[in-house]
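Here's a quick briefing on how two chains come together, with a look at the fold of one of them. Have the structure open while you read.

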Amino acid sequence: MDTKKKILLIDDDKDFLMATKLILEKGGYEVFLAEDGRSGVEMAKSVNPNLAIIDMMMETWSEGFNVVSKLRTSDSGKQIPLIMLSAVDLQGPYQSFEPPEDLPTVDLVLHKPIKADDLLKNVGMLLRE
Amino acid sequence: MIDPGVSTHILIIDDEESILDGCKQALEKSGYPVTTSSDGLAGIKLARDLKPGVVFVDLKMPNCSGMDIIEIISREMPDIVLIVITGYASIVSAVEAMKKGAYDYLPKPFTPDQLRAVTKRGIEHRLLKVEAERLREEKARMERNFITFVSHEMRSPLVTIQQYIESLKLISEGSLKPDAMQIIHRCEKRIQNLQDLIEHWLDISRIENGTFSEAKVTLNLTELIMRSLEEMNPLCQRREIFLESRLKDNLPVIMGDQESLLRVFSNIIGNATKYTPPGGTITVCSDCDDYYVYVSVSDSGQGIPQDKLPFIFEPFFRVHGKQERQKGSGLGLTFSKKIMDAHNATIEAASKEGEGTTFTMKFPRVYDL
């Protein structure tokens, strides 16, 4: 019987999805892809992933946060670990980014690009493997 | 062409009823909405309420100085085009009125055609002014957004390529020959260089358009130098270069932005490592006199030819031409110079070919007044 854990990956860059999928599959996970926030939230309902990875900047600068709050209030996303991806260093001195109020919480933020072993190590840790 | 956002309403302020009537008729015939006032103060109030495109003001009125009206309207409503109506005898005052902000003048007596010609010119001037202002705002907005846009659009593909390389390394583990792995590593290196180039370019753009955030505080440069030595030491060790320091005790404080100066020091030291052969030495010194704090970085490298020295802070300038392209972004020294300029500080290089190069940075001291 197939006991692979399921990971949902939401990012608007198709190539980034492919590249990350290859790494996660090599790590033994079943990977589901969504190219925008809305279909990501839909897909979470149908596949019930064990973990979701969400890009912060998609259609808008903070689309990722919207996705996270939708997942956090849905049955399929309430309990699972969430990883947020960001391509910029939000803590850097040169960013004028202001995060939305009532920031929904994620379990981990990773900066792109992500080293393959970092990604697998962190995913494994969050899934308590 | 008349922009719907620009008012073609004309206001005429003159004490002579016959002039008001004549002007109103002539201009309304050409399709302009016209309002008139025979009183100065009432005229200013009308200007505030109606926001006309053009206001004609008679300089000589019995109860009110036309010059004051010009001054008040041009200060309060700079968008309004002011045109002075004046007798032949007062051309001098017409010039004075233009200095106070009037755009043109119409000498009495004038024909309806002359009036219409001046009005047309005034409206066109107004259109150009409004358009120029709009373009200026648009340009400023685009410059601000451009940097944000570029930083996202340029980084994204690089990040994706790096992610592909990560997955390629993982899924091909053990199955690729060493020379193929070597190619992958070279790709990674060149992508990293490109990323550095983008970061440097963004920094410079931010300095140039004023969005580079700097927090100037009282700083002890010794601490900063120590931090950058710590940061650069692993790189020097890898390249078998000795990194040493001769720092003055109790160095006086300066005003500066910690993070950007740290990057300047690391940049200059990093630059030195590129031109210093294994076994060479890089020395960081600090010193001061009554007016300045000095930080210098000397290397025992190949040196810079005298005739190239003046150009080294220019963007993408390469002392040794194309062969150096792989060494860095080509913007590190340009960035450093701009940061130093922003600190009212200087950076200069002295060099002897075959013996080495010294970069000296000079910061003004701050005294409690």
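This is a predicted model: local features need pLDDT of at least 70, side-chain atom pairs count only at pLDDT 80 or more; totals for chains, interfaces and linings use all residues.

**Chain A on its own**
- Chain A has 4 helices and 5 strands, and reading from the N terminus they go β-α-β-α-β-α-β-β-α.
- Of its 129 residues, 36% are buried.
- If you take contacts in chain A between residues at least 6 apart in sequence, 66% of them link residues at least 24 apart.

**Where the chains touch**
- On the chain B side, 17 residues are in contact with 17 residues of chain A.
- The biggest share of that chain B side comes from α5(B), which supplies 13 residues.
- By class, the chain B side splits into 5 nonpolar, 7 polar and 5 charged residues.

**The α1(A)–α5(B) pair**
- From α1(A), the residues involved are A:Asp15, A:Phe16, A:Ala19, A:Thr20, A:Leu22, A:Ile23 and A:Lys26.
- They meet B:Val159, B:Thr160, B:Gln163, B:Tyr164, B:Glu166, B:Ser167, B:Leu170 and B:Ile171 in α5(B).
- Sorted by class, this helix–helix contact has 8 nonpolar, 4 polar and 3 charged residues.

Notes. Residues are numbered from 1 along each chain as its sequence is written. Chains are lettered from A and ligands numbered from 1 in the order in which they are written. Two residues are in contact if their C-beta atoms, placed from the backbone, lie within 7 Å. Helices (H or I, at least four residues) and strands (E, at least two) are DSSP runs, numbered from the N terminus. Ala, Val, Leu, Ile, Met, Phe, Trp, Tyr, Cys and Pro count as nonpolar, Asp, Glu, Lys and Arg as charged, and the others, Gly among them, as polar. A residue is buried if 20 or more other C-beta atoms lie within 10 Å of its own, exposed if 12 or fewer, and partly exposed in between; C-beta atoms are placed from the backbone.
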